[in-house]
Amino acid sequence: MDLYFANWELASDLDCALIRAGSSRRIQNGTPIIVDDAMWPVEPWCTFLRLYCENLSVNSVKAYARDAFAFARFLDSRSIAVFDVCESDLVAYRAEQLASGTSWRSWSRRLVVVRALFTYLYETGQRDTLPWIQVGSRSVVTPRVPQADLDVRALSHAQWVALRDIGFGGQLAGGAIDPAYRGRSTVRNTCAAELALTTGMRLSEWSTLLDIEVPAESGGAPVALQACAKNGRSRRVYIPASTVESINLYRDTERVSLVRKSQSSLRQKLPSLAIVSEIDCSVGKLTYAIDGQPKRVPIAGIPIDVRRRLVRVQDSGFVEPLSLFVGKGGKPPTQRRWHQYFVDANERLIMFAGEVPAMGRAVTPHDLRHTFAIVMLRSLQQRAMKLEQTRPTHGFGTIAEHIVHNPLLTLQRLLGHASPSTTMVYLRYLDESDDLIQRAFESWSDETKDYADYVLEAFAMTATP
């Protein structure tokens with residue numbers, strides 16, 4: 001049993017009846033397909049995955065398809081048909097997954113597919129019952145998952161400078177260029193890291209930005225996110241002026257060179273690329289064609305897989321990728337490739353241990369998002385405190401004012417969190433908490449007094465004359 005994903009580009013040269021029949025009978029590119037040892041599609045898995053993944057993002061399709069495949073292989077290893085699964089089989093699957101090192105969070109995600117699969121079979125009449133017993137709100141497919149703290153890692157300014165200049169930039173600890181450094185695209189990588197740090201965008205968001213989404217004019221630039229944002233939630237981010245300057249430097253140097261060197265590769269890939277015919281920034285829409293089918297869509301709503309393929313062909317034949325960050329061959333680096341760039345930067349920092357601030361552990365792209373959150377929350381708190389001090393009557397204000405200037409709600413909007421409870425986790429990582437505890441108990445040092453004495457003193461200080 002194996003898992004594949006439909007790719008019509010690989011079949012474009014084949015002369016078969018299915019392709020000649022036209023695109024209306026094709027399954028979508030990227031559709032998961034589970035086949036047996038004889039390469040026959042395995043049902044009901046293939047039909048379920050085709051229907052289930054129709055409205056998911058590319059990354060979600062791959063994640064859920066692998067989860068479904070893991071469950072299918074488990075049943076196949078035990079010679080259990082999906083129509084015969086009972087609750088004891090689900091309990092055994094859970095035990096195997098957790099014993100193999102699967103985290104509770106990953107197990108919870110895998111259950112999403114399991115529930116959807118059996119709900120599909122039940123609602124289509126292929127099963128008479130669901131394979132689990134529901135007691136109140138609990139069942140084997142809705143376990144009580146242990147709550148784990150968000151692993152927040154915020155860099156200090158010194159750590160960030162070391163990561164940027166030495167890890168990505170190829171400099172020595174003293175600031176000079178390292179002649180032995182053999183890394184490529186240092187301007188692009190440092191620019192991308194700065195973009196992640198100063199905006200709080202996720203890797204899936206900043207790595208898929210289009211060049212036209214970041215104006216080259218001096219000053220900051222607002223960017224609308226939607227298709228590349230988590231769960232497609234729309235939000236607006238602001239790129240500071242200093243970061244725009246870094247982006248412009250990258251545009252004028254490495255990006256120009258990379259695009260020029262990639263012309264031969266881009267021309268060969270043109271049949272599989274999305275050709276842009278019109279860009280209307282005044283209304284924020286773009287027209288492109290894939291397989292000869294034109295589409296006019298909002299720029300923020302362009303899916304991630306299409307963003308990676310967008311190009312403009314000039315009258316001279318020059319092919320210009322629309323991705324902001326491009327790599328060898330003219331296509332943007334994948335998310336896996338960006339993770340590798342961070343691995344390389346961390347390994348370089350290890351070479352300078354003792355000369356640079358200790359990192360504690362390897363820095364990931366998401367650590368830059370955490371750093372943005374902590375720095376921004378501290379700044380928002382200070383702004384809120386100053387605002388309260390300027391009021392004629394301290395502590396009073398309209399409900400609208402409290403909502404607009406609430407640090408947590410503001411940070412929630414900036415990060416694109418669905419719930420304020422996710423944003424509140426950052427509160428416990430602010431340095432001020434230790435200082436508050438220290439100041440609160442500094443006076444508890446007189447050994448001649450007991451707890452009652454402190455209570456009486458506090459009561460006397462607050463009593464009305």
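# Notebook: a predicted protein chain

I looked first for disulfides (pairs of cysteine sulfur atoms within 2.5 Å), and the structure holds zero of them. The model is predicted, so I note that local features need pLDDT of at least 70, that side-chain atom pairs count only at pLDDT 80 or more, and that totals for chains, interfaces and linings use all residues. Residues are numbered from 1 along each chain as its sequence is written, and side-chain values use heavy atoms, with hydrogens and water left out.

**Entry 1**

C53 is buried, because its relative accessibility is 8%. C86 has a relative accessible area of 35% and is therefore partly exposed.

**Entry 1. The whole chain**

I read helices (H or I, at least four residues) and strands (E, at least two) as DSSP runs numbered from the N terminus. The protein chain has 18 helices and nine strands. Of its 465 residues, 39% are buried. I take a contact as heavy atoms within 4.5 Å. Among contacts in the protein chain with a separation of 6 or more, 62% join residues 24 or more positions apart. Accessible areas come from the Shrake-Rupley method with a 1.4 Å probe, and for residues only the protein chains shown count as cover. The accessible surface of the protein chain comes to about 26,300 Å², and carbon and sulfur atoms hold 55% of that surface.

**Entry 2. Helix α3**

Just after α3, S79 takes a positive phi of about 55°.

**Entry 3. R110 in α5**

R110 lies in helix α5 (residues 104-123). Is R110 buried or exposed? R110 counts as buried, because its relative accessibility is 19%. Leaving aside neighbours within four places in sequence, R110 touches D67, A70, Y93, Q97 and T102.

**Entry 4. Aromatic pairs**

A pair of aromatic rings is described by the distance of the centres and the angle of the planes. I count rings of Phe, Tyr and Trp (its six-membered ring) as paired if their centres lie within 6.5 Å, with planes under 30 degrees apart stacked, over 60 edge-to-face and the rest tilted. The structure holds 15 such pairs. F71 and F118 form an edge-to-face pair, 6.1 Å centre to centre with 75° between the planes. This pair links distant parts of the chain, since F71 is in helix α3 (residues 58-77) and F118 is in helix α5, 47 residues apart. F71 is buried at a relative accessible area of 2%, and F118 is buried at 0%.

W338 and Y341 are also edge-to-face, because their ring centres are 5.2 Å apart and their planes stand at 85°. Both residues lie in helix α12, three residues apart, about one turn of the helix. W338 is buried at 1% relative accessible area, and Y341 is buried at 13%. I also noted a cluster in which ring pairs link W45, F71, F74, Y93, W107, F118 and W132.

**Entry 5. Nonpolar cores**

In soluble globular proteins, nonpolar side chains tend to be buried together. I define a nonpolar core as a set of buried Ala, Val, Leu, Ile, Met, Phe, Trp, Tyr and Cys residues joined through side-chain atoms within 4.5 Å. The largest core has 43 residues, and those with the most contacts inside it are L163, L195, W206, L209, L225, F325 and L368. Elements giving two or more residues to this core include α6 (157-168), α9 (241-261) and α12 (335-351). Helix α7 gives the largest share, six residues. W206 touches A192, L195, A196, M201, F325, W338 and P365, leaving aside neighbours within four places in sequence. A second, separate core of 33 residues includes I34, V42, Y64 and L121.

**Entry 6. V311 in β8**

V311 sits in strand β8 (residues 310-313) and is buried at 3% relative accessibility. V311 and L273 are 38 residues apart in sequence, and their C-alpha atoms are 7.0 Å apart. Residues that V311 touches, not counting those up to four places away in sequence, include L270, L273, I275, V319 and L322.

How values were computed:
Buried means under 20% relative accessible area, exposed over 50%, partly exposed in between (1.4 Å probe, protein chains only).
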